Amino acid sequence: MDFDALFNEQLDALRAEGNYRVFADLERYRGAFPKAANHAGGAERDVTVWCSNDYLCMGQHPAVLQAMHDALEKSGAGAGGTRNISGTNHHHVMLERELSDLHGKEDALLFTSGYVSNWASLSTLGSRLPNAVILSDALNHASMIEGIRHAKCARKIWKHNDVEDLRRQLEACDPDATKIIAFESVYSMDGDIAPIKEICDVADEFGAMTYLDEVHAVGMYGPRGGGVAEREGLMDRITLIEGTLGKAFGVMGGYITGSAALVDFIRSFSSGFIFTTALPPAVAAGALASIKHLKVSRMERARQKQQVTKLRAKLDAIGIPHLPNPSHIVPVMVKDPVKCKMISDTLLDQFGIYVQPINYPTVPKGTERLRFTPGPGHTDADIDALVEALHTLWAQCALNRAVA
């Protein structure tokens, strides 16, 4: 059998739909992000990155880089294996203490990524808790969906951010079931924010556990960067808070926080933790430095919010449609996969602007978009250059403008 022919048949179909992904070869400049080098066709040129999840440019912060250098010199490159076999590096212990403090919880547990922390934790909770049912927001991330599938327990999907639908779903559950409400704070594609207090109220009414994914919020919201739940004074009402070190904290890794018993339960039963090589000590040290800095510094968050406001205002001034939301994510709506990819390619090739097209299956068909994430490193000149480029391409592609 010609297996490559089978592979290429489906790849060709993906290309025809305009949903085939092409990765840009980028090399970030230390201390100069969002500027980067784009390697293409044997040449190199400078570009401005507009879609990074390193929301606060902490991946370039001197304190983070120094902490990683120091840990590398002291402890070497790798962790040596899983924590169960090779032992827990002291950098892991210090980082978990910092994370539990950040979220006001008794304990924390590190994973190799936010995807793994969601997949491992939800699958463990759903598979091991008695008569479990997971109630999942309709727009939850793929990592949460995968964890729920792997749990092989009962599951219900409630309408996105619709607390009344959640209530109806809970009322239909077995009263003796172990109910787990899984949702996010900031949803990464639309940039909207969950009604956390109202969800907690319903959870309390039905005796349900609350599982909150704060990956797009940690570092970004709250007086110390603890996320939306911290900003709204609700961290104590959440059973489990999950987050990432790979976005606003600028490094990599995922984690959960909660009671000592909950964290020990996941540590003891989750295959996604038990059988995975631990984060390198230098990565843990960098994350630790980033969290400590953002607990006391508000400059990065203030500058980031300022640049988001400027970009939205300039887009409004020329009628470029973007989803209104209260977060840091600016989704510019194209609503056509081929044109979305074409605009992305042209921005990179002709204007030196890198933004990845967001097409199906990341978002539903007909809602294709360019997802911009202004950061503290983007200058006013960067914003002006982006808006002017979009103004030109919107006319060339004959796309509809927003009506003021």
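The model is predicted, so local features need pLDDT of at least 70 and side-chain atom pairs count only at pLDDT 80 or more, while totals for chains, interfaces and linings use all residues. Residues are numbered from 1 along each chain as its sequence is written, and side-chain values use heavy atoms, with hydrogens and water left out.

**Helices that meet**

Helices (H or I, at least four residues) and strands (E, at least two) are DSSP runs, numbered from the N terminus. Axes are lines fitted to C-alpha atoms, for helices over the stretch in contact, and angles run from 0 to 180 degrees between N-to-C directions.

| Helices | Axes come within | Crossing angle |
|---|---|---|
| α4 (residues 90–102) and α12 (residues 281–296) | 9 Å | roughly 30° |
| α5 (residues 114–128) and α10 (residues 260–269) | 10 Å | roughly 95° |
| α13 (residues 299–317) and α15 (residues 380–396) | 10 Å | roughly 30° |

Angles under 35 degrees count as roughly parallel, over 145 as roughly antiparallel, 65 to 115 as roughly perpendicular and the rest as oblique. Helices α4 and α12 are therefore roughly parallel to each other, and α4 passes α12 in a left-handed crossing. A crossing is left-handed if the near helix is turned anticlockwise from the far one by less than a right angle, and right-handed if clockwise. Contact means heavy atoms within 4.5 Å. Residues making the contact include H91, M94 and L95 of α4 and P281, A284 and L288 of α12. By class, this contact of α4 with α12 has ten nonpolar, two polar and four charged residues. For these classes, Ala, Val, Leu, Ile, Met, Phe, Trp, Tyr, Cys and Pro count as nonpolar, Asp, Glu, Lys and Arg as charged, and the others, Gly among them, as polar.

Helices α5 and α10 are roughly perpendicular to each other. Their contact is made by S121, T124, L125 and R128 of α5 together with F265, I266 and F269 of α10. Four of the residues in the contact of α5 with α10 are nonpolar, two are polar and one is charged.

Helices α13 and α15 are roughly parallel to each other, and α13 passes α15 in a right-handed crossing. On the α13 side, Q307, K310, L311, K314 and L315 meet D380, I383, D384, L386, V387 and L390 in α15. This contact of α13 with α15 divides into six nonpolar, one polar and four charged residues.

**An aromatic pair**

Rings of Phe, Tyr and Trp (its six-membered ring) pair if their centres lie within 6.5 Å; planes under 30 degrees apart count as stacked, over 60 as edge-to-face and the rest as tilted. The count comes to three aromatic pairs. One of them, W50 with F372, is edge-to-face, at 6.3 Å centre to centre and 75° between the planes. W50 sits in the loop between β3 (43–49) and α2 (62–75), and F372 in strand β14 (residues 369–372), so the pair links distant parts of the chain, 322 residues apart. Both W50 and F372 are buried (under 20% relative accessible area, with exposed over 50% and partly exposed in between, for a 1.4 Å probe and protein chains only).

**Two buried residues**

T257 lies in strand β10 (residues 254–258) and counts as buried at 0% relative accessibility.
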